[in-house]
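The following note sets out numbered remarks on the model displayed below. Please read each point with the coordinates at hand.

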Amino acid sequence: MNDQHPYELHTHGGGAFVSFDSMQGDVLSLSLISLNRAILRTRGQGSELVLEFEANLVSVFGNNLASLRDHLLAGRLKVIRVGQFEECAVTGVRVSDS
């Protein structure tokens, strides 16, 4: 696991887009207004945050992802990537067409 933060927050207010630095090596920015559903699945120590956008499905894998989900739903997230900060750890981000 690298030592960078798993997410960046907007410094002032919120933003209309969130970017995902995926395991495929792509960075995809999606409009938060196109987010249809967010599902946080917890299984043992691991978590998966599934984000259903109009044209894309994003799966974020890791541990203790509740704070990441809360920041996302509040519109404060700028970027999600592999990394760890305190208890929140992102081990992978997968983006696919829905």
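1. Helix 1 (residues 66-73) lies across strand 4, strand 5 and strand 9, where contact means heavy atoms within 4.5 Å. Its direction is at about 170° to strand 4; axes are lines fitted to C-alpha atoms, for helices over the stretch in contact, and angles run from 0 to 180 degrees between N-to-C directions. Helices (H or I, at least four residues) and strands (E, at least two) are DSSP runs numbered from the N terminus.

2. The model is predicted: local features need pLDDT of at least 70, side-chain atom pairs count only at pLDDT 80 or more, and totals for chains, interfaces and linings use all residues. Residues are numbered from 1 along each chain as its sequence is written, and side-chain values use heavy atoms, with hydrogens and water left out. The predictor's confidence in each residue, pLDDT, runs from 0 to 100. For the protein chain its mean is 90, and 97% of the residues reach 70 or more. Confidence is lowest in strand 1 (residues 7-9), with a mean of 88, and highest in strand 5 (residues 46-53), with 97.

3. The sheet on which the remaining points draw is open and has five strands in the order 4-5-6-9-8, with antiparallel pairing. Two strands are taken to pair if DSSP finds at least two bridges between them. Strand 4 (35-43) and strand 8 stand at the edges with a single partner strand each, so one side of each is left without a neighbour in the sheet. From one strand to the next, the twist averages 20°. In general, strands of a sheet pair through backbone hydrogen bonds, either parallel or antiparallel.

4. Strand 6 can be followed through both of its pairings. With strand 5, strand 6 (residues 56-63) pairs in the antiparallel sense over six bridges, and a hairpin with two residues joins strand 5 to strand 6. With strand 9 (residues 88-97), strand 6 forms an antiparallel pairing over eight bridges. Val60 illustrates both pairings: Val60 is the bridge partner of Leu49 and also stands opposite Val93 in strand 9. Phe61 stands opposite Gly92 in strand 9.

5. Gln84 stands opposite Ala89, and Phe85 has Cys88 as its bridge partner. What phi does Glu86 take in the hairpin of strand 8 and strand 9? The phi of Glu86 is positive, near 50°, in this hairpin with two residues between the strands.

6. The structure holds one aromatic pair. The rings of Phe20 and Phe53 have centres 6.0 Å apart and planes at 75°, so the pair is edge-to-face. The criterion covers rings of Phe, Tyr and Trp (its six-membered ring) with centres within 6.5 Å; planes under 30 degrees apart count as stacked, over 60 as edge-to-face and the rest as tilted. Phe20 lies in strand 2 (residues 17-21) and Phe53 in strand 5, so the pair ties together parts that are 33 residues apart in sequence. Buried means under 20% relative accessible area, exposed over 50%, and partly exposed in between (1.4 Å probe, protein chains only).

7. Four salt bridges are found in a search of the whole structure, the criterion being a side-chain nitrogen of Lys or Arg within 4 Å of a carboxyl oxygen of Asp or Glu. One of them joins Glu52 and Arg37, with the closest N and O atoms 2.9 Å apart. This pair links distant parts of the chain, Glu52 in strand 5 and Arg37 in strand 4, 15 residues apart. Glu52 is partly exposed at 23% relative accessibility, as is Arg37 at 45%.

8. Further salt bridges include that of Arg41 with Glu48, at 3.9 Å from N to O. Here Arg41 is partly exposed, with a relative accessible area of 32%, whereas Glu48 counts as buried at 15%. Asp70 forms a salt bridge with Arg69, with the closest N and O atoms 3.0 Å apart. Both partners are partly exposed: Asp70 at 39% relative accessibility and Arg69 at 24%.
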